Amino acid sequence: MVHFTIKCVANGVSSQTLTTNHVAVECATLPFMARPLNILFASPEVYPFAKTGGLGDVSSALPLALKQQGHDVRVILPKYRCVKQAKRAIKPMGLTVAVPVGPVTVPGELHEGRLNRSVPVYFVGQDGFFDREGLYGDAEGEFSDNPERFIFFSRAVLEACKALDFQPDIIHCNDWQTGLIPCYLKTEFAGDVFFKNTRSVFSIHNLGYQGNFDERYLPLAHLPWNVFTLEGVEFYGYFSFLKAALVYADRLTTVSKTYSKEILTPEYGFQMDSVLRHHQGKLSGILNGADYEEWDPQTDSCIKARYGPKSLKGKQACKKSLARKLSLKLAEQTPLLCMVTRLSPQKGIDLMVQRFGELMEQDAALVILGAGDKRYEMFFEEQNLKYPKRFRFIQGFHEKLAHQIIAGSDLLLMPSLYEPCGLTQMYALRYGTVPVVRRVGGLADTIKAFNPKKNTGTGFLLKPTKASEWVPLIKKALDLYPRKQVWRSLMLNGMQQDFSWNQAAKHYARLYQRALASK
Ligand code: ADP
Ligand code: GLC
């Protein structure tokens, strides 16, 4: 007789284990489990419709993982110009929400699309606010009407719930652009029976972006002056959309354990650390996942040749094809380093600039794909001219090229000053591209130092305060590169890591249950 072990997990709540020996079966839904939840995931960016960084990736992958666990999850974002350009089917729903912004009522037209044909995605259309190049800004800087745009969007999210007759148990908000939603639920909408059982969860993806604006926007948001206090939305004289969320959300999360501790300190707290310490009881850290449907060299249609832990040959083909595409003169034994990144101080770009000459003395080539601060773009453009054979900077945001660079390179550099989670290093691991990173935030939680003697670990870590050791650390990695067997083991250690979203989605489901249990 064969004995089965059946472990039932629903909505993250492990409920029952029946005895077994051989087979472990995970059941998504069983009648005695916690009920599936109605979840509205509100985000300013959602891949493949709109993306400037990792938040876009998270906002598609997490809802899909929650859906797989049996929840009714839906996503909402603004209908930017790039949504139309994404070449995905979206259609008008014939529903319009009326959103008060100061003395005027602004209409928002609802459109609908899908993620992977399963998760509904709603778009709030208002061309005056969203039909322009860029999500939050353009070459001139941040859009000056960002406060109006995201006051409108935040309130439109709540109006859309009513128009769609979708009563969420949880509204999961992300970053400052959605920060007013938790505040509305506790103020303007506090007595609204439609939201009587709705709780809010707010995820901090980056404390460095806070949405702090002049106090004159408070009446524009239709918020009462009694919230403009130290305990409320006031932050050093400004009206802070981020603080609104930190104060009023039922639960707060951030995207790695280490970052959830770092942000409580003045060093990483961007002056919000005391607010966070005050609300520490409702804060937790849940490590992001990597979406292996999108990022796996065994199935990736963007790259020259498929490969995986069982056969690494395709990686060489990817490297050759990339070198050809970028006109890099690369001998087969020359290691190729890469960065795929927003060009902002957060990413440690100053360290790269300061040490660039020293780095170029190494026997290696480097490719950087990035967009952001003009001063960095200009610096790297100049280096293109100086090192035409061994360095290539590509300015801009190119999704397909990002895959090709990560697949075709040998090492990924990520010397971030702070990194809430970081997805690029997780993708790099799966592609056998060895990360060299600063030991902060999610980088510390996802990369383990390689020990060639024991053959353990997945990458190389710089101590946070030891900037002077950046190039020596890269050199240490490069010295191992010619040792084919050692390097192969290092690559395989990384490729076998599993950061799939399933685990994180279970943590979120448990957190939602806790939020619902709160008043
Ligand atoms: P962050 O969200 O801080 O930018 P993450 O590592 O979490 O950092 O996520 C970055 C995401 O954005 C990854 O999917 C990465 O491939 C992508 N990305 C960053 N810069 C570019 C670029 N210039 N072109 C294409 N993709 C990019
Ligand atoms: C932010 C962070 C990054 C994180 C991403 C998704 O942009 O900078 O570390 O991975 O959000 O959570």
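Let's start with one residue. R375 is partly exposed, with a relative accessible area of 47%. Keep in mind that this is a predicted model. What does R375 pair with? Its partner is D373, in a salt bridge whose closest N and O atoms are 3.3 Å apart. D373 is partly exposed too, because its relative accessible area of 27% falls between the 20% and 50% cut-offs.

Some salt bridges share partners. R81, K84, D127, D131 and E133 are joined into one network that way. How many salt bridges are there in the whole structure? The search finds 22.

Here is another one. K51 and E399 meet through their side chains, N to O, at 3.2 Å. This pair links distant parts of the chain. K51 sits in the loop between β4 and α1, while E399 belongs to helix α14, and 348 residues separate them. Is K51 buried or exposed? K51 has 17% relative accessibility, so it counts as buried, the limit being under 20%. E399 has 21%, so it counts as partly exposed.

Next pair: E419 and K347. Their closest N and O atoms are 2.9 Å apart.

K347 takes us to the ligand. Which residues come nearest to ligand 1? Of the 21 around it, they are G54, D57, R342, K347 and T424.

Now the contacts. A backbone N or O atom of G54 is 2.6 Å from a ligand oxygen. R342 brings a polar side-chain atom to 2.7 Å from an oxygen of ligand 1. At G396, a polar backbone atom lies 2.8 Å from a ligand nitrogen. How much of the ligand does the protein cover? On its own, ligand 1 has 560 Å² of accessible area, and the protein covers 94% of that.

Where does the shell come from? α1, β18, β19 and α15 each supply at least two residues. β18 gives the most, with 3. Domain 1 and domain 2 each contribute at least three residues. By class, the shell has 8 nonpolar, 8 polar and 5 charged residues.

Key
Residues numbered from 1 in each chain as written. Chains lettered and ligands numbered in written order. Predicted model: local features only at pLDDT ≥ 70, side-chain atom pairs only at ≥ 80, totals over all residues. Heavy atoms only, no water. Near = heavy atom within 4 Å. Polar contact = N/O pair within 3.5 Å; in protein donor to acceptor, adjacent residues only side chain to side chain. Areas by Shrake-Rupley, 256 points an atom, 1.4 Å probe, with all protein chains shown as cover. Helix = DSSP H or I, 4+ residues; strand = E, 2+ residues; numbered from the N terminus. Nonpolar A, V, L, I, M, F, W, Y, C, P; charged D, E, K, R; others polar. Domains from an automatic or database assignment. Salt bridge = Lys/Arg side-chain N within 4 Å of Asp/Glu carboxyl O. Buried < 20%, exposed > 50% of the residue type's maximum accessible area, 1.4 Å probe, protein only.
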